[in-house]
Amino acid sequence: MSSATLEKNSSALADAESSAAHLVTVTFRIRRFNPEISDQAIWEDFQFQIDPKERVLDALHKIKWDLDGTLTFRRSCAHGICGSDAMRINGRNRLACKTLIKDINPHKPITVEPIKGLTVLKDLVVDMEPFFQAYRDVMPFLITTGNEPTRERQQSAEDRKRFDDTTKCILCAACTSSCPVFWNDGQYFGPAAIVGAHRFIFDSRDEGGEQRLEILNDRDGVWRCRTTFNCTEACPRGIEITKAIQEVKRALITRRF
Amino acid sequence: MKIHKYDTVIVGAGGAGMRAAIESTKRSRTAVLTKLYPTRSHTGAAQGGMAAALANVEEDNWEWHTFDTIKGGDYLVDQDAAEILAKEAIDSVLDLEKMGLPFNRTPDGTIDQRRFGGHSRNHGEAPVRRSCYAADRTGHMILQTLYQNCIKEGVEFFNEFYVLDQLITEVDGVKRSAGVVAYELATGEIHVFQAKAVIYASGGCGKFFKVTSNAHTLTGDGQAAVYRRGLPLEDMEFFQFHPTGIWRMGILLTEGARGEGGILRNKDGERFMEKYAPVMKDLASRDVVSRSIYTEIREGRGCGPEGDHVFLDLTHLPPEQLDAKLPDITEFARTYLGIEPYTDPIPIQPTAHYAMGGIPTNVQGEVLADNDTVVPGLYAAGEVACVSVHGANRLGTNSLLDINVFGRRAGIAAAEYATKAEYVELPDDPASLVVEQVERLRDSTGTERVTEIRKALQETMDANVMVFRTEQTIKTAVEAIGALRERYLNVSVQDKGKRFNTDLLEAIELGNLLDLAEVMAVSALARKESRGGHYREDYPSRDDVNFMRHTMAYREVGADGVESIRLDYKPVVQTRYEPMERKY
Ligand SMILES: Cc1cc2nc3c(=O)[nH]c(=O)nc-3n(C[C@H](O)[C@H](O)[C@H](O)COP(=O)(O)OP(=O)(O)OC[C@H]3O[C@@H](n4cnc5c(N)ncnc54)[C@H](O)[C@@H]3O)c2cc1C
Ligand code: SF4
Ligand code: FES
């Protein structure tokens, strides 16, 4: 073990450590809607200065805390693990807390809108109930038969790996609300629910695969997917959603999983 | 105003709340009120793991775990509770596995385990592999698994309901819990929940610090609600500063990174922990490592242009190991710092992390009204509570354990109580306090802004009651907080509406933070010793003669309406472990 690592390895590190904040002026163009005031949504611009290393969430806080307290959005963890703040930023679904200003061209107005396909309740807040309902509908819990073992159920590292990717989901809805099929028909389960089902179907400990597959075989199930890859591109957890959906489709045909 | 009636009401849907809900829903009619959607709770942020002496990968037993917990807590731990924690750890991990939690596996298919700070073999001989984990998203997997099982059990949730008041009725001179009052975010409507049993599982209060690993929503609402009703808060001066937060942002980089072999280095590249903790080195307990980091910084060996941080070095670990074991935190470094942890060390500093103190309970989760009287019908579990299994300093991986062990216990105890007990009559006009609070803030034309007061609070807390404290710094904090509380009376919000008025709720949350910050500072001022997370430069050693006891802080309102804090003390439960000097 050496200490050689501390020769400054990259200019990225030097950048990260430099505390000289060079502020830039940004314009945030936000889709506002408050049914207590009007039934029309409008665009509103906010201009202010910010360090481009900050997050879009920091910018929204700056607006809410310094400029307009009525701006409404959900957030909690501020580092991409709670799934509260999926929104459309410059036309793409992202988490506001995982998007740095410098990564989205601060020199042009930055547009922020609620995610699509779910009813807007106020500003960036949408009704998440249908989204969670679809998730609940796929029976997202381990189903087993027979007596419980006294110790843990065994699972090989390889079997564990089989469904690792889909365990990462934080239920942010970035995928489902970027899916054109879902926009057109809110009955479609949507990618997130299928991800939730995949996580159990491919878990070697689970015995409910058949039941879940039947649910997804429904007319609003996996067959509606048109493989547009919007979901995969939108997922802030980097889950290969389209691949997971394809695996579920294949399992429906072969009944092997 | 709407009135609801349930046997059991649970406040909070993090790990503790949902673990309790799974038990109590099976036994009693239960409602879970939560200000966040359950899966948004901060349990999901936990990374490193959950301790249990499974002995899957090397020799281990619950007695060693008990000892480490007590020693880690600098002997302020109630030893009976620690023993329960360590014993029930094993079943509580196995229960989660059976519920579906995808733990990482050993080559033989059992739950894999890794090292974590302060957990040792045979009373401190060497680090032991005790932490059960799922990559570096153990908390995420616990939260998901519990939520999934709540769906399976049909748990009834009231999402985005903020509990703002605890209802207490005195019956024959005994304070009993009658229910809670909640504010519905979507509509602004106020709801009274009458319940035979109430369980607080509303999490921590780290947002009174600026650099913190805690979510924006961790504002101590539960602690504040019961405190305001005259119930005590225990050991609030003990707050844990986790050694490795991302510099300036506070985002946590799990101790598991050091468990996997990561090393802390100063600007000379020196592995400085060797000096401070020759045996456990980088895996000494958190208070020790955080103080060591600040000592390096104060003595001029910090990194960066301002010498205000040190490095967490993972560059000697194989990229495959980082990808398999620490994917999320390496991703944080890339996203938020723009650096590649395969090749660059990560700038870190201690970050305010965990409240050891909270609402005092016994081992059944029953809330205490004083040193030994319980409040019938009132329970608490998780970070909001103080059992006390963490004493003056919590060991890593013992909180995910705590929420499961004591969440389950509280869920069972509350539901069993509720099935036998009668409803306690609601006080007259039960929602009055909340209605008054909401209306005052909404109608206020005051000139003070939430954001400025909150910023000032966080700055004074970081500057004065963080890793190093002295009489003078704490007094500065107490005065500053007092002045901010005055200013808070004159605060107003811009959003006057009913729907999703988060402006209003942030103002209410700030009020809670101010109350709790004051309790913390006042408790810290009175504790003239150093123990665990509470380090007084003017009293640098532990003083078992005068301070081997828990602080109990009560809110008092004088006849003139003036509020003050009264401090009392409660003995520590000691069973078999004699206090020793703590060395790592
Ligand atoms: C970044 C990070 C990493 C961590 N890593 C580990 C680890 O590896 N191992 C470990 O053991 N511990 C770890 N911890 C500590 C541990 O995760 C927490 O202490 C624990 O998860 C707290 O769980 P809880 O259920 O008490 O609270 P939370 O999970 O915070 O849940 C609180 C709940 O209360 C609700 N709530 C709050 N206020 C109100 C209100 N007014 N009305 C209604 N509902 C309300 C919220 O909606 C939420 O559902 C970590 C902590 C952090 C911050
Ligand atoms: S799959 Fe990805 S985008 Fe979809 S809900 Fe889960 S985390 Fe969000
Ligand atoms: S605030 Fe939690 S994911 Fe963005």
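B:R286 touches B:F116, B:Q240, B:F241, B:H242, B:P243, B:E255, B:H353, B:N393, B:R394 and B:G396, leaving aside residues up to four places away in sequence; contact means heavy atoms within 4.5 Å. This is a predicted model, in which local features need pLDDT of at least 70, side-chain atom pairs count only at pLDDT 80 or more, and totals for chains, interfaces and linings use all residues. Residues are numbered from 1 along each chain as its sequence is written, chains are lettered from A and ligands numbered from 1 in the order in which they are written, and side-chain values use heavy atoms, without hydrogens and water.

**B:R286**

- An unreviewed UniProt entry lists B:R286 under "active site"; such annotations may be inferred rather than shown by experiment.
- B:R286 lies in helix α8 (residues 286–298) of chain B.

**Helix α2 of chain B**

- Helix α2 (residues 62–72) of chain B has 10 of its 11 residues buried, among them B:W64, B:F67 and B:I70.
- The cover over these buried residues includes α3 (79–99), β4 (113–121) and α11 (398–420) of chain B.
- Helices (H or I, at least four residues) and strands (E, at least two) are DSSP runs, numbered from the N terminus.
- At the start of α2(B), a side-chain oxygen of B:N61 comes within 2.9 Å of the backbone nitrogen of B:E63.
- After α2(B) comes B:D74, with a positive phi near 55 degrees.

Note on methods
Buried < 20%, exposed > 50% of the residue type's maximum accessible area, 1.4 Å probe, protein only. Polar contact = N/O pair within 3.5 Å; in protein donor to acceptor, adjacent residues only side chain to side chain.
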